[in-house]
Amino acid sequence: MTTRYFEDFAVGETWTSDTFTLSEDDIVRFGSEYDPQPMHTDPEAGRRGRFGSVIASGGQVAAMSMGRFGEAGGYGDTPMVGLGIDELRSRKVVLPGVEPRVVREVIAVRPEEVTADIWTGTAVAGLRFPLS
């Protein structure tokens, strides 16, 4: 793995993860602990609901995406994942057995401060979750 610096990030740079799958048990377990709402925790309530199944919590999908990106070394040896999320929207539901993938694209690069030997700034990444 290589070290990446702020100036190494370029607008338009993309990265796509492998697919991952969440089982009904995965969704219920996460929902029970972190997002206890019936659409995440109760398979029967999920079947009666508008999606016909439990659905993954947006927080679970966000966590899975960060995990996939970190495992793949998207930022090299530079630990930047988790410095902040300015906006997070769930536009599609993730059902058990569906195989989403994460597509990350650098949509802006903004320098914030320069010292003698360190650049700080923001490489803004947009994440999309196309469903296979």
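**Entry 1: surface and fold.** I began with the accessible surface: the chain exposes about 8300 Å², of which carbon and sulfur atoms supply 50%. I note that the model is a predicted one. I then read the secondary structure and found four helices and three strands, arranged along the sequence as β-α-α-α-α-β-β. Of the 132 residues in the chain, 31% are buried. I also looked up contacts between residues at least 6 apart in sequence; 68% of these join residues at least 24 apart.

**Entry 2: core.** I looked up the largest nonpolar core and found seven residues, namely Leu-22, Ile-27, Val-28, Val-54, Ala-56, Val-61 and Val-94.

**Entry 3: salt bridges.** I counted four salt bridges. One of them pairs Arg-47 with Glu-24 at 3.9 Å, N to O. Arg-47 is in helix 3 (residues 43–48) and Glu-24 in helix 1 (residues 24–34), so this pair ties together parts 23 residues apart in sequence. Arg-47 is partly exposed at 47% relative accessibility, and Glu-24 is partly exposed at 30%.

I next examined Glu-44. Its salt bridge with Arg-47 has the closest N and O atoms 3.6 Å apart; the two residues are three apart in helix 3, about one helical turn. Glu-44 also meets Arg-48 in a salt bridge at 3.7 Å, N to O, and this pair lies four residues apart in helix 3. Through shared partners, salt bridges join Glu-24, Glu-44, Arg-47 and Arg-48 into one network. Within it, I recorded Glu-44 as partly exposed at 40% relative accessibility and Arg-48 as exposed at 60%.

Notes
Residues are numbered from 1 along each chain as its sequence is written. This is a predicted model: local features need pLDDT of at least 70, side-chain atom pairs count only at pLDDT 80 or more; totals for chains, interfaces and linings use all residues. Side-chain values use heavy atoms; hydrogens and water are left out. Buried means under 20% relative accessible area, exposed over 50%, partly exposed in between (1.4 Å probe, protein chains only). Contact means heavy atoms within 4.5 Å. Accessible areas come from the Shrake-Rupley method with a 1.4 Å probe; for residues, only the protein chains shown count as cover. A nonpolar core is a set of buried Ala, Val, Leu, Ile, Met, Phe, Trp, Tyr and Cys residues joined through side-chain atoms within 4.5 Å. A salt bridge is a side-chain nitrogen of Lys or Arg within 4 Å of a carboxyl oxygen of Asp or Glu.
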